[in-house]
Structures are given as C-alpha cells and as structure tokens.
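Hi everyone, thanks for coming.

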Amino acid sequence: RDGMRNAVVAKIAAFAATTYEDVLARMKGPKLRTHFEKGWPAVAEWQALYFHGVTQWHASHDHLAAHEYGLQVGRLAVANDKLSALVKLARTAPADVLDRYTSMHKEVAAAHAVAAKDNDTAYNERVPG
C-alpha cells in the first residue's frame, strides 16, 4: 500500500485484474495460442482472480470507514469468493506464490466472517448480492 488510500489501491488493483483478463483472452486467441508455454494462461488467470480479490478487499475498508456495513460485507464476500477460487485453481503454483494467495484468502475470509457476524447481530444492513 505504501501509504496510499484504499480507494486508490482498489482502482489500481481493478486495472491490474482487467489487464490480466485481457492478457488471458489474448493468450487463448488463435494468433497467440501457440506462442506460450501451456502454463502461462493459468498464471494470468490466477493473477486476475488475485487482483479482483484485492480490489474488493481494499474497497471494503472504505465502506467500513463510512459505516456502510452491508456494503462492506458484500465486498468481502466477493473478495472471499474470488480468492477461494484462486486457491483451488493455483494448486500447481510455486510454493511462495501459493502461500501468498492462501495467506490473502485466510485474511479476507476471517474479516468476512467477523463483518458478517457484526452486521447480522448489530447493524442489520442489507448486503448486496
């Protein structure tokens, strides 16, 4: 983060996610498909999922600060879903990469559980689906 606001980090992460999605689509296209080793498209997919999760994680912090608890829970749910899918897909990733993905997923899952419980017991705000 390096002192950047969560909204800025979320925007940068969202741009990274869409860039990786574009890279993945181009890698799978007929013009480039044969120019990459078969493992590279998986890496692009992993990174797209990771940065989608990071986007939602950082955006959730701004909702918490604004006392928008339902929106916070919704963002954390999306982040948790993206990172959960990532950890399942990236089983063949190098150990240090998989550790980073798993660590982020655990952090988000724990925050989601706490935020959902707080919203259910205290705030009762609608959570977008």
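Predicted model: local features only at pLDDT ≥ 70, side-chain atom pairs only at ≥ 80, totals over all residues.

Residues are numbered from 1 along each chain as its sequence is written, and side-chain values use heavy atoms, with hydrogens and water left out.

So what do we have? The protein contains 4 helices and 0 strands; both are DSSP runs numbered from the N terminus, helices being H or I with at least four residues and strands E with at least two. The C-alpha trace spans about 55 × 30 × 25 Å along its principal axes. Of the 129 residues, 36% are buried, meaning under 20% relative accessible area with a 1.4 Å probe, protein chains only. Among contacts (heavy atoms within 4.5 Å) with a separation of 6 or more, 68% join residues 24 or more positions apart.

Now the packing. Two packed helices are described by the angle between their axes and the distance between the axes. The axes here are lines fitted to C-alpha atoms over the stretch in contact, and angles run from 0 to 180 degrees between N-to-C directions.

Take helix 2 and helix 3 (residues 69-89): their axes are 8 Å apart, at an angle of about 160 degrees. That makes helix 2 roughly antiparallel to helix 3, the term for angles over 145 degrees. The contact includes Trp 46, Tyr 50 and Trp 57 of helix 2, and Leu 76, Ala 79 and Leu 83 of helix 3. Its residues divide into 15 nonpolar, 6 polar and 3 charged. For those classes, Ala, Val, Leu, Ile, Met, Phe, Trp, Tyr, Cys and Pro are nonpolar, Asp, Glu, Lys and Arg charged, and the others, Gly among them, polar.

And how does helix 2 sit against helix 4? The axes of helix 2 (residues 40-65) and helix 4 (residues 95-123) come within 11 Å and cross at roughly 30 degrees. That makes the two roughly parallel, which here covers angles under 35 degrees. Trp 46, Tyr 50 and Trp 57 of helix 2 take part in this contact, and so do Met 104 and Val 108 of helix 4, among others. The tally is 8 nonpolar, 1 polar and 2 charged.

Methods:
Parallel < 35°, antiparallel > 145°, perpendicular 65-115°, else oblique. Buried < 20%, exposed > 50% of the residue type's maximum accessible area, 1.4 Å probe, protein only.
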